[in-house]
Amino acid sequence: MTRITSEEMKERLAVYFIMGTPNSEKPAEQVLEEALDGGVTLFQFREKGPGAFKGEDKAALAQRLQRLCRTYGVPFIVNDDVELAMAIDADGVHVGQDDEDARRVREKIGDKILGVSAHNVEEAMAAMAAGADYIGVGPIYPTRSKDDANEAQGPDILRRLREAGITIPIVAIGGITADNAREVMEAGADGVSVISAIASSPSPKAAASRLLEAVRAARVKR
Ligand SMILES: Cc1ncc(COP(=O)(O)OP(=O)(O)O)c(N)n1
Ligand SMILES: Cc1ncsc1CCOP(=O)(O)O
Ligand SMILES: [Mg+2]
């Protein structure tokens with residue numbers, strides 16, 4: 001395996017769906033399959049929060065969702081849990097500032113995809129130096145999907161990162177919907193990452209497809 005290229009990473013970040021069992025009343029497999037049908041381009045398994053599966057149940061669910069992603073040719077990223085990612089041979093890992101050190105994670109995962117959360121220029125620079133393939137920046141807008149989220153920064157944070165010379169692929173996260181995806185893309189993101197816009201939608205398929213359309217339209221305009 002070789003490292004994903006920056007261009008390929010940017011393509012993959014277009015509509016990055018994140019989900020775990022606490023994010024929907026419907027079975028996770030059903031929501032993910034509908035979202036994949038709607039065109040999500042990357043998936044993150046984020047099993048945390050009230051009622052989240054643990055241990056063997058968590059690993060078994062991860063593998064079921066991973067199989068679904070494989071069927072659609074969509075890379076499967078594990079949030080936080082580097083051990084699980086290695087055990088099931090996931091395509092990558094996402095870690096934040098309070099998780100395992102990104103440099104150590106890169107050493108452990110070899111060429112797998114490494115995503116790192118960044119909230120400012122300093123963290124973005126450090127993530128790049130640690131070998132991140134992309135950074136997740138947010139929350140851009142207020143979110144109800146993460147209890148310990150920082151204050152929303154607005155799309156201007158993306159502009160500030162780009163103006164400071166941050167060239168690494170960026171996915172924006174937090175409160176993003178098909179209605180605000182365009183301004184986020186115009187501010188400098190390569191894609192959008194969402195939980196509730198897809199997982200809480202009565203039609204995850206339609207929600208994913210609307211997001212993809214908004215991201216593609218914004219890309220054409222650049
Ligand atoms: C794409 C993406 N961006 C940011 C995050 C948030 O990561 P983190 O700050 O570690 O918070 P948790 O998601 O672990 O609660 C993410 N998961 N994905
Ligand atoms: C995991 C995470 N990290 C920053 S905001 C957020 C939650 C995003 O969820 P939503 O798309 O429902 O606002
Ligand atoms: Mg984390």
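This is a short tour of a predicted model, stop by stop.

**Before you start**

Residues count from 1 along each chain as its sequence is written, while chains are lettered from A and ligands numbered from 1 in the order in which they are written. The model is predicted: local features need pLDDT of at least 70, side-chain atom pairs count only at pLDDT 80 or more, and totals for chains, interfaces and linings use all residues.

**Stop 1: the barrel**

Show the cartoon. Eight strands close into a barrel, in the order 1-2-3-4-5-6-7-8, with parallel pairing. Neighbouring strands of this sheet are turned by 25 degrees against each other on average, direction ignored. Strands here are DSSP runs of E with at least two residues; helices are runs of H or I with at least four, and both are numbered from the N terminus. Two strands pair if DSSP finds at least two bridges between them. Axes are lines fitted to C-alpha atoms, for helices over the stretch in contact, and angles run from 0 to 180 degrees between N-to-C directions.

V15 stands opposite V192 in strand 8.

**Stop 2**

Select residues 102–109. This is helix 5, which packs on the sheet and touches strand 4 (92–95) and strand 5. The direction of helix 5 makes about 170 degrees with that of strand 5. Contact means C-beta atoms, placed from the backbone, within 7 Å.

Step to D101, in the loop between strand 4 and helix 5. Is D101 buried or exposed? It counts as exposed, because it has 11 C-beta neighbours inside 10 Å. The scale: 20 or more other C-beta atoms within 10 Å is buried, 12 or fewer is exposed, and in between is partly exposed, with C-beta atoms placed from the backbone.

**Stop 2: strand 5**

Six of its six residues are buried, so strand 5 is largely enclosed by the rest of the structure. I113, G115 and S117 lie on one side, L114, V116 and A118 on the other. In a regular strand, side chains alternate between the two faces of the sheet. Strand 4 pairs with strand 5 in the parallel sense over four bridges. V93 stands opposite L114.

**Stop 3**

A residue is near a molecule if its C-beta atom, placed from the backbone, lies within 6 Å of it.

Zoom in on S117. It is buried, with 21 C-beta neighbours inside 10 Å. S117 touches G96, Q97 and G136, leaving out residues up to four places away in sequence.

Next, K146, in the loop between strand 6 (134–137) and helix 7 (156–163). K146 is partly exposed, with 17 other C-beta atoms within 10 Å. An unreviewed UniProt entry annotates a "binding site" that includes S117 and K146; such annotations may be inferred rather than shown by experiment.

**Stop 4: ligand 2**

Finish at ligand 2. Of the 14 residues around it, T143, S145, G174, I195 and S196 come nearest.

Conventions. Contact = placed C-beta atoms within 7 Å.
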